[in-house]
Each structure stands twice: as C-alpha cells, then as structure tokens.
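Work through the exercises below with the sequence and the coordinates at hand. Each task is followed by a solution in steps.

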Amino acid sequence: MKKRNKPYPIRTCIFCGQKDFKKNLIRITCFQQKIGLDKRQCLPGRGAYVCFREDCIKKLATSKGVKRLARALRQPLSQETALALRQEIEEVIKRGEHGKG
C-alpha cells in the first residue's frame, strides 16, 4: 500500500470558524450560478464549508447566515435557497450520507 506524502486538506466552517478535515464538513458549492450541496465534494466551482454542529446548520437559514454564505460563494443568495439547503443538509444527516463519497 502506498503512503500518503501530503497532508489531508483542512477547511474552515464559515459560521463558527472551526477547522477540520475536509471530509468532516459539508460543502456547499456554486457552479454556473447554481447553488447546491456537494455531497461528494468534487464538483467544480467556488465552495463554502459548514460543520455538522446544530448551531451552524441553524444559522444557515438566518438573514445573517444567508449574507455570510452569499459572501463566501461570491453569489447572491435568497432566503428560500438557504432554507432549502438547510433542509437538504438535515436530510443528509438523517440518512447518514455525510462523510461518504
């Protein structure tokens, strides 16, 4: 088995600032002006990371959270889109799909 010579990627949650391995965070991506959840973390485009803490997921649907996510993605974002993302993240967590890919 070949050894991994480079360090594992570390990313930061846009809400709490917690640093963690990329695989332990949720990636929200903006590609061709479409914003969505990147479950496999391999889609092209600008991405923002959110940790699985309940506080951070709840902040996603607040007006301040929408502004922070829009700034991170460098793309305008509506409250409805942010709410849909939050619901999608909650469904992924319920199904236990996070961290796979």
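**Exercise 1.** Locate F21 in this predicted model, and decide whether F21 is buried, partly exposed or exposed.

Solution.
- Step 1. F21 belongs to strand 2, which spans residues 19-21.
- Step 2. The relative accessible area of F21 is 37%. Buried requires under 20% and exposed requires over 50%, so F21 counts as partly exposed.
- Step 3. F21 also contributes to a nonpolar surface patch, together with Y8 and I10. The area of this patch is about 330 Å².

**Exercise 2.** Determine the strand order and the pairing of the open sheet formed by three strands.

Solution.
- Step 1. The order is 4-3-5, with antiparallel pairing.
- Step 2. Strand 4 (34-38) and strand 5 (46-50) are the edge strands, as each of them pairs on one side only.
- Step 3. On average, neighbouring strands in this sheet are turned by 25° against each other, direction ignored.
- Step 4. Strand 3 (residues 26-31) is joined to strand 5 by five bridges. Five bridges also join strand 3 to strand 4.
- Step 5. In general, such pairing of strands goes through backbone hydrogen bonds.

**Exercise 3.** Find the residues that stand opposite C30 in strand 5 and in strand 4.

Solution.
- Step 1. On the strand 5 side, C30 faces R46.
- Step 2. Helix 2 (residues 63-73) packs on the sheet and touches strand 3, strand 4 and strand 5. The direction of helix 2 makes about 140° with that of strand 5.
- Step 3. On the strand 4 side, the bridge partner of C30 is I35.
- Step 4. For T29, the bridge partner in strand 5 is G47.
- Step 5. Strand 3 and strand 4 form a hairpin with two residues between the strands, where Q32 has a positive phi near 50°.

**Exercise 4.** Is V50 buried or exposed, and which residues beyond its neighbours within four places in sequence are in contact with V50?

Solution.
- Step 1. V50 is a residue of strand 5.
- Step 2. Its relative accessible area is 0%, so V50 is buried.
- Step 3. With neighbours within four places in sequence left aside, V50 is in contact with C13, I14, F15, L25, I26, I28 and C56.
- Step 4. Take F15 from this list: V50 and F15 are 35 residues apart in sequence, and their C-alpha atoms are 6.9 Å apart.
- Step 5. As for strand 3, five of its six residues are buried.

Technical notes: Residues numbered from 1 in each chain as written. Predicted model: local features only at pLDDT ≥ 70, side-chain atom pairs only at ≥ 80, totals over all residues. Heavy atoms only, no water. Pairing = 2+ DSSP bridges. Helix = DSSP H or I, 4+ residues; strand = E, 2+ residues; numbered from the N terminus. Axes fitted to C-alpha atoms, helices over the stretch in contact; angles between N-to-C directions. Contact = heavy atoms within 4.5 Å. Patch = residues over 30% accessible without salt bridge, like charges linked within 9 Å, V, L, I, M, F, W, Y side chains within 5 Å. Areas by Shrake-Rupley, 256 points an atom, 1.4 Å probe, with all protein chains shown as cover. Salt bridge = Lys/Arg side-chain N within 4 Å of Asp/Glu carboxyl O. Buried < 20%, exposed > 50% of the residue type's maximum accessible area, 1.4 Å probe, protein only.
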